Amino acid sequence: MGSRLGPLVRSSHLLSARLISDSSATTTATTAAAANAARSVSDAAAAPPPVDSATELSRESQLRNRRVAIQAAIREKAATSLLPPFEDNFGRKHTYLRIALTEKCNLRCLYCMPAEGVPLTPKPHLLTVDEIIRIVEVFAAHGMDKIRLTGGEPSVRKDFTDIVRRIKAVEGVTQIGVTTNGIAIGKRLHELKEAGLSQMNISLDSLNPEKYMMITRTNGFKKVMETINNAEGIFDSVKVNVVVMKNVNDMEICDFIEMTKDRNLSVRFIEFMPFGGNKFTLNKFFSFKDMWKRVEERFGDRISRLVDTPNDTTKAFRIRGYQGEFGFITSMTEHFCSTCNRVRVTADGNLKVCLHGNNEVSLRDVMRSGASNEELSETIAKAVKRKKKQHAGVENLQHLKNRPMILIGG
Ligand code: SAM
């Protein structure tokens, strides 16, 4: 990584100089990279020199060369965190990357997956794990610290935990979350936590098993509920995602809020969004205002508004006295484009700078053409610069040609 990003580094001399002088007392190096590299320095110093016919003097010079190489690695690693953020023409800095790990899913949710399914990209055209990690490294070098793994269903991958572990090892990544349907992930919660996953969003659109089956076209209700129960005790943050559709599950909103009474859960109601093949109609659309009426009727002045965190996509609330919270993701009626800090990479390697825009750039093709990280980084920067100020409203979006959501990842 360091050497691939090396040419990008231009403004790092001061920090590099500080690290060089620190490196004689390597334990004072402050960044994680420096600490790792420092460990390597002391490992190198402790290790016996290679056995060859060299004299004492040449062994010393080998050690010195090794130290110089490690110090250079420290400089490069530390310098990478100084690269400018990917910023668009509206001053939005992008610090949040969503990566789809697969196009496959073990559910067939009617609002997400077209009834006829989707043609899957042949495996050789999907990103390899090394390519995923390379993309994460480049983004992280530009200050991207939050990663969300999605799909398809990310947990259908056998190597899911390994991917989390490898992403966690990338310098600069501080938070890794997953969006999952919770069906096949239940047995791996502890290992995922240990690998570095800190946050889980679990999709659940009905508290009624039959209705769940109708929406997902699958019988998985019990497993998802188990996963939610277990995840609550393991992860710092567990969110339940509910896509609200008129005459399908809108009447369950208050029941979902009741789930937050004694549990440290955050339930988020998502406005139904149009995507390729999901048969969106305005008849099924249930707006934030409609949802709010339901909540207000039931909970009235017991509702308290919570403070939004920066770049939050959710308007968050709590019922007074309840442990958990709930919120609304109102992309269709009250978009939050002005604070958008996220970009997406699809399983086949396309960068999407807006969920509701159909401009895509193949990072896979750029990497496979032999591009350096500097070139990859330039491709990303240019795509981010082309990001529009805001996406269209629901009336127009329903006519926009976009991927099916299953091939984006939310
Ligand atoms: N398989 C995972 C899951 O079910 O959570 C991750 C992929 S799924 C595409 C990511 C998120 O997108 C889920 O929370 C899902 O509910 C949401 N989603 C899918 N289609 C949607 C739509 N048409 N409108 C709003 N949200 C949607």
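This is a predicted model: local features need pLDDT of at least 70, side-chain atom pairs count only at pLDDT 80 or more; totals for chains, interfaces and linings use all residues.
A polar contact is a pair of N or O atoms within 3.5 Å.

I begin with the ligand. An oxygen atom of the ligand is 3.1 Å from an N or O atom in the side chain of Asn-241. At Gly-152, a backbone N or O atom lies 2.9 Å from a nitrogen atom of the ligand. At Met-273, a polar backbone atom is 2.8 Å from a nitrogen atom of the ligand. How much of the ligand does the protein bury? Taken alone, the ligand exposes 540 Å², and the protein buries 96% of that.

Let us turn to the surroundings of the ligand. There are 21 residues around the ligand, and the closest are Tyr-111, Gly-152, Glu-153, Ser-203 and Met-273.

My second topic is the aromatic residues. A pair of aromatic rings is described by the distance of the centres and the angle of the planes. The structure holds 14 aromatic pairs. One of them joins Trp-292 and Phe-328 in an edge-to-face arrangement, with 6.0 Å from centre to centre and 75° between the planes. Trp-292 belongs to helix α11 (residues 288–299) and Phe-328 to strand β11 (residues 325–329), so this pair ties together parts that are 36 residues apart in sequence. Trp-292 counts as partly exposed because its relative accessibility is 21%, and the buried class requires a value under 20%. Phe-328, at 0% relative accessibility, counts as buried.

Phe-328 has another edge-to-face partner, Phe-317, with 5.8 Å between the centres and 75° between the planes. This pair links distant parts of the chain, with Phe-317 in strand β10 (residues 314–319) and Phe-328 in strand β11, eleven residues apart. Both Phe-317 and Phe-328 are buried. To which residues does the aromatic cluster extend? One cluster is formed by Phe-256, Phe-269, Phe-288, Trp-292, Phe-317, Phe-326 and Phe-328.

Phe-317 also takes part in a contact of another kind. Arg-305 lies over the face of Phe-317, at 5.0 Å from the ring centre. A further example is Lys-146, which lies over the face of Tyr-96 at 4.4 Å from the ring centre.

I close with two individual residues. Is Asp-250 buried or exposed? Asp-250 counts as buried, because its relative accessibility is 4%. This residue is placed in the loop between β7 and α10 (253–258). A polar atom of the side chain of Asp-250 lies 2.5 Å from the backbone nitrogen of Asn-247.

Lys-401, by contrast, counts as exposed, because its relative accessibility is 72%. Lys-401 is found in the segment after α14 (394–397). Where the chain is concerned, Lys-401 and Gly-277 are 124 residues apart, and their C-alpha atoms are separated by 9.5 Å.

How values were computed: Residues are numbered from 1 along each chain as its sequence is written. Side-chain values use heavy atoms; hydrogens and water are left out. A residue is near a molecule or strand if one of its heavy atoms lies within 4 Å of it. A polar contact is a pair of N or O atoms within 3.5 Å; within protein, one must be able to donate a hydrogen and the other to accept it, and residues adjacent in sequence count only if both atoms are side-chain atoms. Accessible areas come from the Shrake-Rupley method with a 1.4 Å probe; for residues, only the protein chains shown count as cover. Rings of Phe, Tyr and Trp (its six-membered ring) pair if their centres lie within 6.5 Å; planes under 30 degrees apart count as stacked, over 60 as edge-to-face and the rest as tilted. Helices (H or I, at least four residues) and strands (E, at least two) are DSSP runs, numbered from the N terminus. Buried means under 20% relative accessible area, exposed over 50%, partly exposed in between (1.4 Å probe, protein chains only). A charge sits over a ring if NZ of Lys or CZ of Arg is within 6 Å of the ring centre and within 35 degrees of the ring normal.
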